[in-house]
Amino acid sequence: MNSLVLHNRLKEYRLKSKLSQQELAEKVGTTRQTIIAIEKGVFNPTAKLALLLAYALDCSFEELFYF
């Protein structure tokens with residue numbers, strides 16, 4: 001069975017929004033370390049955090065995360 005890998009464009013959208021990792025973390029109520037881990041693809045955010053990230057970056061969930 002093939003396992004689905006969740007990819008993201010978090011860093012790309014964060015840079016377009018001119019936000020640091022720390023600034024984005026504060027906007028969504030998480031830590032800079034969590035943002036780093038998501039950007040590197042070593043951590044998948046909860047559905048709630050993923051939606052908060054999309055909202056903070058003014059994009060849709062589907063634009064930010066994909067399989």
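Which residues is Q21 in contact with, leaving aside its neighbours within four places in sequence? In this predicted model, those residues are R14, R32, I35, I36 and E39. Q21 itself lies in helix α2. With a relative accessibility of 16%, Q21 counts as buried, because the cut-off for a buried residue is under 20%. One of its contacts involves polar atoms: the side chain of Q21 makes a polar contact with the side chain of E39, at 2.9 Å.

E39 belongs to the buried residues of α3, together with T34, I35, A37 and I38. The packing partners of the buried residues of this helix are β1 (7-8), α1, α2, α4 and β2 (65-66). Just after α3, G41 adopts a positive phi of about 80°.

The nonpolar interior was examined next. In soluble globular proteins, nonpolar side chains tend to be buried together. The largest nonpolar core of the model comprises 17 residues, and L10, L24, L53, L57 and L64 are those with the most contacts inside it. At least two residues of this core are supplied by each of α1 (10-16), α2 (21-28), α3 (32-40) and α4 (47-56). The largest share, 5 residues, comes from α4.

The surroundings of L57 were then considered individually. When residues up to four places away in sequence are not counted, L57 touches L10, Y13, R14, S17, L19, L24 and L64. Among them, L10, L24 and L64 are also listed with L57 as residues with the most contacts inside the core. R14, which L57 touches, is likewise in contact with Q21.

Definitions and conventions. Residues are numbered from 1 along each chain as its sequence is written. This is a predicted model: local features need pLDDT of at least 70, side-chain atom pairs count only at pLDDT 80 or more; totals for chains, interfaces and linings use all residues. Side-chain values use heavy atoms; hydrogens and water are left out. A nonpolar core is a set of buried Ala, Val, Leu, Ile, Met, Phe, Trp, Tyr and Cys residues joined through side-chain atoms within 4.5 Å. Buried means under 20% relative accessible area, exposed over 50%, partly exposed in between (1.4 Å probe, protein chains only). Helices (H or I, at least four residues) and strands (E, at least two) are DSSP runs, numbered from the N terminus. Contact means heavy atoms within 4.5 Å. A polar contact is a pair of N or O atoms within 3.5 Å; within protein, one must be able to donate a hydrogen and the other to accept it, and residues adjacent in sequence count only if both atoms are side-chain atoms.
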